[in-house]
Amino acid sequence: MVADIMHGLSAYFWSLFTGPVDLVLLVGLVGQGLFTARFLVQWVASEKAGRSVIPLSFWFLSLGGSAVLLGYALYRRDPVFILGQSLGTVIYLRNLALLFRERKTEGK
């Protein structure tokens with residue numbers, strides 16, 4: 001029974017990663033790449049500072065990744081993915097607005 005389950009899982013994952021590659025899939029992968037890059041940027045910035053830091057580029061990568069993934073989800077008509085990325089996009093835009101407002105105030 002376990003062998004059957006493992007075989008089924010391996011066949012499933014094999015089909016996922018060996019299927020046809022089209023432009024939509026590539027766009028989704030780019031969006032996921034942007035989204036993943038934000039964590040790397042945050043990690044490197046925190047390691048350099050010796051404390052937890054969230055650089056401005058983290059929010060831009062978050063927004064870019066979320067927007068591209070939202071477009072991908074809309075094309076795929078995936079309501080769960082659409083709801084998740086829609087909220088994230090709004091939050092990232094708000095964080096950027098707050099950061100720019102803070103920088104503008106500090107510059108005066």
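# Helix packing, a pocket and a loop residue

Tutor: Arg77 sits in the loop between H3 and H4. This is a predicted model.

Student: Why is Arg77 called exposed?

Tutor: Its relative accessible area is 71%. Exposed means over 50%. Arg77 is therefore exposed.

Student: What makes the phi of Arg77 worth a remark?

Tutor: Most residues other than glycine have a negative phi. Arg77 is a residue other than glycine, yet its phi is positive, near 60 degrees.

Student: And Arg76: in which element does Arg76 lie?

Tutor: In helix H3.

Student: Why is Arg76 called partly exposed?

Tutor: Its relative accessibility is 41%. Buried means under 20% and exposed over 50%, with partly exposed in between. So Arg76 counts as partly exposed.

Student: How far from Val24 is Arg76, in sequence and in space?

Tutor: They are 52 residues apart in sequence. C-alpha to C-alpha, the separation of Arg76 and Val24 is 8.8 Å.

Student: Now the helix pairs. How do you know that H3 and H4 are roughly antiparallel?

Tutor: Helix H3 covers residues 56–76 and helix H4 residues 79–107. Their axes come within 8 Å and cross at roughly 155 degrees. Angles over 145 degrees count as roughly antiparallel. H3 and H4 are therefore roughly antiparallel. Their crossing is left-handed.

Student: What residue classes make up the contact of H3 with H4?

Tutor: There are 17 nonpolar, 7 polar and 1 charged residues in that contact.

Student: Why are H2 and H3 called roughly antiparallel?

Tutor: H2 and H3 pack at an angle of about 155 degrees, with axes 8 Å apart. The cut-off is over 145 degrees. So H2 and H3 are roughly antiparallel to each other. The crossing of H2 and H3 is left-handed. By class, the contact of H2 with H3 has 14 nonpolar, 9 polar and 2 charged residues.

Student: Which residue of H4 can we place against another part of the chain?

Tutor: Take Asn95, in helix H4.

Student: What makes Asn95 partly exposed?

Tutor: Its relative accessible area is 23%. Buried needs under 20%, and exposed needs over 50%. Asn95 is therefore partly exposed.

Student: How do you know that Leu69 is buried?

Tutor: Leu69 lies in helix H3. Its relative accessibility is 2%. Under 20% means buried. So Leu69 counts as buried. The C-alpha atoms of Leu69 and Ile82 are separated by 8.5 Å, and these residues are 13 apart along the chain.

Student: Which residues line the largest pocket?

Tutor: Leu69 is one of them. Others include Leu16, Phe17, Pro20, Val21, Gln32, Tyr72 and Phe81. The volume of the largest pocket is about 370 Å³.

Student: Which helices supply at least two residues each to the lining of the largest pocket?

Tutor: Helix H1 (2–18), helix H2 (23–49) and H3 do. H2 gives the most, with 4 residues.

Student: What classes do the residues of the lining of the largest pocket divide into?

Tutor: Into 9 nonpolar and 3 polar, with no charged residues. Gly counts as polar and Tyr as nonpolar. Gly19, Gly28 and Gln32 are in the lining, and they therefore fall in the polar class.

Methods: Residues are numbered from 1 along each chain as its sequence is written. This is a predicted model: local features need pLDDT of at least 70, side-chain atom pairs count only at pLDDT 80 or more; totals for chains, interfaces and linings use all residues. Side-chain values use heavy atoms; hydrogens and water are left out. Axes are lines fitted to C-alpha atoms, for helices over the stretch in contact, and angles run from 0 to 180 degrees between N-to-C directions. Angles under 35 degrees count as roughly parallel, over 145 as roughly antiparallel, 65 to 115 as roughly perpendicular and the rest as oblique. A crossing is left-handed if the near helix is turned anticlockwise from the far one by less than a right angle, and right-handed if clockwise. On a 1 Å grid over the protein atoms alone, a cavity is a set of points where a 1.4 Å probe fits but cannot get out, and a pocket is an open set with protein on both sides within 12 Å along at least five of seven lines; lining residues have an atom within 4 Å of a point. Grid points are joined across faces, edges and corners, and a volume is the space filled by probe spheres set on the points. Buried means under 20% relative accessible area, exposed over 50%, partly exposed in between (1.4 Å probe, protein chains only).
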